[in-house]
Amino acid sequence: MALDAGAGKLYWTDVATGAVWRADVDGTDLEQIAFLEGHTRGIAVDSGAGKVYISGRSNSRLDRANLDGSEVDQVMEGLSSPVDVALEPAAERVYVASSNGVYRSSFTGDGFEQVVSTSAS
C-alpha cells in the first residue's frame, strides 16, 4: 500500500486479480485505476512526478503508470518474484526487492543493476 499524503489518496494492489486501486484516505472515491497482467504486489507513489510504480510477482517486472493508471510503461524486467518497491525521488531511483535480492534503476529503467544478492553462492 502507498499513500499520496498531499492528494489524500491511498493506492494498493489486489494480488489475486492484478487490479490496482486508489481511494481517498477516508475510503470514498474508490476506483480501479489499472489492471496489470499477473499478480501485482508492491506499490510506490511519486506524487511529484505523478507516477505510481507497481511490481508484479508472476510477470517478473516493474511497471509504472500515471497516477490515474494511464500510460503504463515497463521499467524493469527479468526480476525473480518482485514484491516490494521503494523510491528515492531526489536521485530519481527506484528499488525493487525480489526473491534473490534488491535491484535498482533510474525511474525510466536506465542503470538497471542488482545492489544486494540473497542467492546462495
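D63 is buried, with a relative accessible area of 3%; buried means under 20% relative accessible area, exposed means over 50%, and partly exposed lies in between, with a 1.4 Å probe and protein chains only. R61 forms a salt bridge with this D63, and their closest N and O atoms are 2.9 Å apart. A salt bridge here is a side-chain nitrogen of Lys or Arg within 4 Å of a carboxyl oxygen of Asp or Glu. The model is predicted: local features need pLDDT of at least 70, side-chain atom pairs count only at pLDDT 80 or more, and totals for chains, interfaces and linings use all residues. Residues are numbered from 1 along each chain as its sequence is written, and side-chain values use heavy atoms, with hydrogens and water left out.

Seven salt bridges are counted by this rule. One of them joins K9 to D24, with 2.8 Å between the closest N and O atoms. K9 belongs to strand 2 and D24 to strand 3, so the pair ties together parts that are 15 residues apart in sequence. Strands, like helices, are DSSP runs numbered from the N terminus (strands: E, at least two residues; helices: H or I, at least four). K9 counts as buried at 11% relative accessibility, whereas D24 counts as partly exposed at 21%. K9 and D24 are also linked with D29 in a network of salt bridges. A further salt bridge brings together the side chains of E31 and R22, at 2.8 Å from N to O. Here E31 is partly exposed, at 28% relative accessibility, and R22 is buried, with a relative accessible area of 14%.

The strands that carry K9 and D24 lead on to the strand pairing. Two strands pair if DSSP finds at least two bridges between them. Strand 2 (residues 9-13) and strand 3 (residues 19-24) are antiparallel and share five bridges, with T13 standing opposite V20 of strand 3. These two strands form a hairpin with five residues between them, and G18 in the turn has a positive phi of about 90 degrees. Strand 3 also pairs with strand 4 in the antiparallel sense, over four bridges, and A19 stands opposite F35 in strand 4. The hairpin of strand 3 and strand 4 has six residues between the strands, and G27 takes a positive phi near 95 degrees in it.

Four strands make an open sheet in the order 5-6-7-8, with antiparallel pairing. Strand 5 and strand 8 (73-77) stand at the edges with a single partner strand each, so one side of each is left without a neighbour in the sheet. From one strand to the next the twist averages 20 degrees, where axes are lines fitted to C-alpha atoms and angles run from 0 to 180 degrees between N-to-C directions. Strand 5 and strand 6 run antiparallel and are joined by five bridges; the bridge partner of V45 in strand 6 is V52.

Leaving aside neighbours within four places in sequence, V45 is in contact (heavy atoms within 4.5 Å) with A2, D4, Y11, K51, V52, L67 and L87.

Y95 stands opposite R104 in strand 11. Strand 11 and strand 12 are antiparallel over four bridges, with V116 of strand 12 as the bridge partner of V102. Their hairpin has six residues between the strands, and G109 in the turn has a positive phi of about 100 degrees.

The structure holds two aromatic pairs. Rings of Phe, Tyr and Trp (its six-membered ring) pair if their centres lie within 6.5 Å; planes under 30 degrees apart count as stacked, over 60 as edge-to-face and the rest as tilted. The rings of Y53 and F107 have centres 5.4 Å apart and planes at 45 degrees, so this pair is tilted. Y53 lies in strand 6 (residues 51-56) and F107 in the loop between strand 11 (101-106) and strand 12 (113-117), so the pair ties together parts that are 54 residues apart in sequence. Y53 is buried at 0% relative accessibility, and F107 is buried at 9%. Y103 and F112 form a stacked pair, 5.5 Å from centre to centre with 5 degrees between the planes. Y103 counts as buried at 10% relative accessibility, while F112 is partly exposed, with a relative accessible area of 38%.
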